[in-house]
Amino acid sequence: MAQKKLARFREIDNFKNVLQYPEGMAGTWYRFFNNDNPVVLELACGKGEYTIELAKMTPEKNYIGVDIKGNRIWVGAKNGIGENISNAAFLRTQIDKIDQYFSKGEVEEIWLTFPDPHLRKSKAKKRLTHPKFLRLYSRFITDNGLIHLKTDSPDLYQFTKTVIELYQLKTVQDIPDVFSETTIPDNLKIKTHYESLDISNSNKIFYLCFSLPDLLNSSDEDLHKLLKKEE
């Protein structure tokens, strides 16, 4: 397995659709894609299934999958090259440094597909819908830009709903059981490797879409008090 990972790391060094810790990219993604189309991120993209499928589904947008695991990114990047998908790319970096790679208003939407829910309350700040991260996203997402969360974790779903309420964010769509719906949007039909594992054993897929204000000015004190009560 270690040799396989090393081989993949060597290979993605030469992939034109993979950037690893690049410098000077903020404000220049239109040059990379050779167009001015809207940019959409998938954070913690894993093997990049969502990035690739969304790119195929919506060719008028540019999609960037972001993850720290190069051997996982390799899968999506390889598929993108094999299918000649020009509007999908992958960025290898830490999520907590994502604001270094995009300028204000450069990103239109963010997808969070089955991120680690970090169930321990002490790890709440690692959740990708924690205000710590939402403030980070607000530095480069468009005004009222959309955040999509798709998860099988009822805990992360409820936590995110709490954040939305406490910080007075705008809920655009709330689906507590995606596959119980009679009509499912095409962008929610995409299934990833992690979705198929059903790690949470919930037998449900939860979806939230909400918009970010320009800044989250509220203190996190009320959120932390609420989490402490739940311990």
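**A chat about the fold and its aromatic rings**

Student: How much of the chain counts as buried?
Tutor: Of the 231 residues, 48% count as buried, where buried means under 20% relative accessible area, exposed means over 50% and partly exposed lies in between, with a 1.4 Å probe and protein chains only. This is a predicted model, in which local features need pLDDT of at least 70 and side-chain atom pairs count only at pLDDT 80 or more, while totals for chains, interfaces and linings use all residues. Residues are numbered from 1 along each chain as its sequence is written, and side-chain values use heavy atoms, with hydrogens and water left out.

Student: How many helices and strands are there?
Tutor: The chain has 9 helices and 8 strands, taken as DSSP runs numbered from the N terminus, with helices (H or I) of at least four residues and strands (E) of at least two.

Student: And what is its radius of gyration?
Tutor: The chain has 17 Å, which agrees with the value near 17 Å that a compact globule of 231 residues would have; the radius is taken over C-alpha atoms, and the globule rule is 2.2 Å times the number of residues to the power 0.38.

Student: Switching to aromatics, how many pairs does the structure hold?
Tutor: It holds 10 aromatic pairs. The rings of Trp-29 and Phe-33 have centres 6.3 Å apart and planes at 35°, so this pair is tilted. Rings of Phe, Tyr and Trp (its six-membered ring) pair if their centres lie within 6.5 Å, and planes under 30 degrees apart count as stacked, over 60 as edge-to-face and the rest as tilted.

Student: Where do Trp-29 and Phe-33 sit in helix α2?
Tutor: They are 4 residues apart in helix α2 (residues 29-33), which means that about one helical turn separates them. Trp-29 counts as buried because its relative accessibility is 1%, and Phe-33 counts as buried at 7%.

Student: What about Phe-102 and Phe-140, how is that pair arranged?
Tutor: Phe-102 and Phe-140 also form a tilted pair, 5.6 Å centre to centre with 35° between the planes. Phe-102 lies in the loop between β4 (88-92) and β5 (107-113), and Phe-140 in the loop between α5 (131-138) and β6 (141-151), so the pair ties together parts that are 38 residues apart in sequence.

Student: Are those two buried or exposed?
Tutor: Both Phe-102 and Phe-140 are buried.

Student: Which residues form the aromatic cluster?
Tutor: Trp-29, Phe-32 and Phe-33 belong to one cluster together with Phe-102, Phe-133, Tyr-137 and Phe-140.
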